[in-house]
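Keep the sequence beside you as you read.

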Amino acid sequence: MTYVVTDACIRCKYMDCVEVCPVDCFYEGDNMLVINPSECIDCGVCEPECPAEAILPDTESGLEKWLELNATFSAQWPNITRSRGAPADADEHKGEEGKYDKYFSPEPGQGD
Ligand code: SF4
Ligand code: SF4
């Protein structure tokens with residue numbers, strides 16, 4: 001199993017999660033982060049740290065799409081281990097519905 005980042009992260013990207021991951025397995029896209037499923041050790045410490053409740057264990061149902069997205073883009077985006085702080089408008093997008101269709105970007109983020 002692994003933990004996965006869902007579309008609740010899109011345009012929130014608070015980055016609290018990267019500070020606590022013991023194996024540094026977060027990767028940064030333009031407007032969201034993903035977890036590398038083969039590096040995640042399932043410790044679960046990141047899940048309660050996320051203000052957007054974007055991180056879930058893949059034992060929950062209905063997460064196949066997000067697991068695939070995490071696996072695909074963690075292989076393409078740069079590693080991120082230190083927070084640069086949230087975007088200025090992060091709170092405006094917290095809890096918004098349909099963020100994948102509206103905003104998802106396959107472009108890489110800046111990384112460390
Ligand atoms: S803490 Fe949550 S919203 Fe912030 S970057 Fe991590 S997964 Fe995304
Ligand atoms: S569950 Fe643990 S190892 Fe996996 S991403 Fe979260 S903090 Fe990192």
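Leu33 touches Val5, Cys9, Lys13, Cys17, Phe26, Tyr27, Glu28 and Ile80, leaving aside residues up to four places away in sequence. Contact here means C-beta atoms, placed from the backbone, within 7 Å. This is a predicted model, in which local features need pLDDT of at least 70 and side-chain atom pairs count only at pLDDT 80 or more, while totals for chains, interfaces and linings use all residues. Residues are numbered from 1 along each chain as its sequence is written, and chains are lettered from A and ligands numbered from 1 in the order in which they are written.

Leu33 is among the residues with the most contacts inside the largest nonpolar core, which has 31 residues. Such a core is a set of buried Ala, Val, Leu, Ile, Met, Phe, Trp, Tyr and Cys residues joined through C-beta atoms within 7 Å. Buried means 20 or more other C-beta atoms within 10 Å of a residue's own; exposed means 12 or fewer; partly exposed lies in between. The elements giving two or more residues to this core are strands E1 (3-5), E2 (26-28) and E3 (33-35), and helices H1 (16-20) and H2 (64-74). Helices (H or I, at least four residues) and strands (E, at least two) are DSSP runs, numbered from the N terminus. H2 gives the most, with four residues.

Now look at H2. Its buried residues are Trp66, Leu67, Leu69, Asn70, Phe73 and Ser74. The face turned away carries the exposed residues Glu64, Lys65, Glu68 and Thr72. E1, E2 and E3 are included in what covers the buried residues of H2.

Notes. Contact = placed C-beta atoms within 7 Å.
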